[in-house]
Amino acid sequence: MSDELISKKELLEMADISYGQLYRWKRKDLIPEEWFIRKSTFTGQETFFPKEKVLERIHKIQTMKDNLSLDELADMFSPNISDLKLEKDDLVKRNIVSSSVMDIYLEMDKGGHQFTFSRIIEVYVLEKLLQSGDINLEEGKMVLQVLKDHTQLIKQKKCEVVMTRKLGVSSCLLLINSEGFHFEQGTKVVTVLSIMTCMEEIKAKLL
């Protein structure tokens, strides 16, 4: 699961940004502190970044900064939007979830038609996994139960949903701040889904 790394020098050239811009975005929490990875090289200490994640984030910042202030962008990228509440129809209208998956979710969850951010995450994760064909309905119930059992952790930590299968038996794990994972031989990792990425995608659809 380790990302390919890119050096700071390569990043500045590839993204066509200045040193000052990069660190201004860091101070505003637009680029997470943990993405600045210090490593020893033959020339001394250098800073590296997870290549795919940081380039995607910079592209989003550059695309949206003309319409949003840095503070508004920081709020968007922050996982803390726990006060948000939306109606079922709003989620369908904003293309956060399809009406078919919404119906499936409401069959599994009897919490009514108003959605807190925790439930928005749940239905969005279900949407992504079911639409991709990676999981079936029974596995969807399993994913929802894991998310509901660990709602508070999901709000505060970097989490990933991992679905595995071995000999036809499925398991669902929630990994917290994980650098990687290993399973016994014969276990197939069906899907890995970042909750933080889901939060960002939801926010982008809400803006």
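Modeller: Rings of Phe, Tyr and Trp (its six-membered ring) pair if their centres lie within 6.5 Å; planes under 30 degrees apart count as stacked, over 60 as edge-to-face and the rest as tilted. By this rule Tyr-19, Tyr-23, Phe-36 and Phe-49 make up one aromatic cluster. The model is a predicted one, in which local features need pLDDT of at least 70 and side-chain atom pairs count only at pLDDT 80 or more, while totals for chains, interfaces and linings use all residues. Residues are numbered from 1 along each chain as its sequence is written, and side-chain values use heavy atoms, leaving out hydrogens and water.

Biologist: How many aromatic pairs does this rule count?

Modeller: A pair of aromatic rings is described by the distance of the centres and the angle of the planes. The count here is five aromatic pairs. Among them, Tyr-105 and Phe-115 form a tilted pair, with 5.6 Å from centre to centre and 40 degrees between the planes. This pair links distant parts of the chain, ten residues apart: Tyr-105 belongs to helix H6 (residues 99-108) and Phe-115 to strand E5 (residues 114-116). Helices (H or I, at least four residues) and strands (E, at least two) are DSSP runs, numbered from the N terminus.

Biologist: Is Tyr-105 buried or exposed?

Modeller: Buried means under 20% relative accessible area, exposed over 50%, and partly exposed in between (1.4 Å probe, protein chains only). Tyr-105 has 0% relative accessibility and therefore counts as buried. Phe-115 also counts as buried, at 0%.

Biologist: Which residues of H3 are buried?

Modeller: They are Val-54, Arg-57, Ile-58, Lys-60, Ile-61 and Met-64. Seen down the axis of H3, these residues fall within an arc of 160 degrees (taken from the directions from the helix axis to the C-beta atoms), so they line one face of the helix. On the other side of H3, Glu-52 and His-59 are exposed. Contact means heavy atoms within 4.5 Å, and the cover over the buried residues of H3 includes strand E1 (5-7), helix H1 (8-15), helix H2 (19-27) and strand E3 (44-50).

Biologist: In what order do the three strands of the open sheet stand?

Modeller: Strands of a sheet pair through backbone hydrogen bonds, either parallel or antiparallel. Two strands are taken as paired if DSSP finds at least two bridges between them. The order is E7-E6-E8, and the pairing is antiparallel. Strand E7 (169-176) and strand E8 (188-194) stand at the edges with a single partner strand each, so one side of each is left without a neighbour in the sheet. Strand E6 (residues 159-166) is joined to E8 by six bridges, and Val-161 stands opposite Leu-193 in E8.

Biologist: Which helix packs on the sheet, touching E6 and E7?

Modeller: Axes are lines fitted to C-alpha atoms, for helices over the stretch in contact, and angles run from 0 to 180 degrees between N-to-C directions. Helix H8 (residues 137-149) touches E6 and E7, and its direction makes about 25 degrees with that of E7. H10 packs on the sheet too, touching E6 and E8, at about 45 degrees to the direction of E8.

Biologist: What is phi of Asp-16 near?

Modeller: Most residues other than glycine have a negative phi, and most peptide bonds are trans. Phi of Asp-16 is near 55 degrees, a positive value in a residue other than glycine. Asp-16 lies in the loop between H1 and H2, and its 67% relative accessibility makes it exposed. Asn-95, with phi near 60 degrees, lies in the loop between helix H5 (88-93) and H6.
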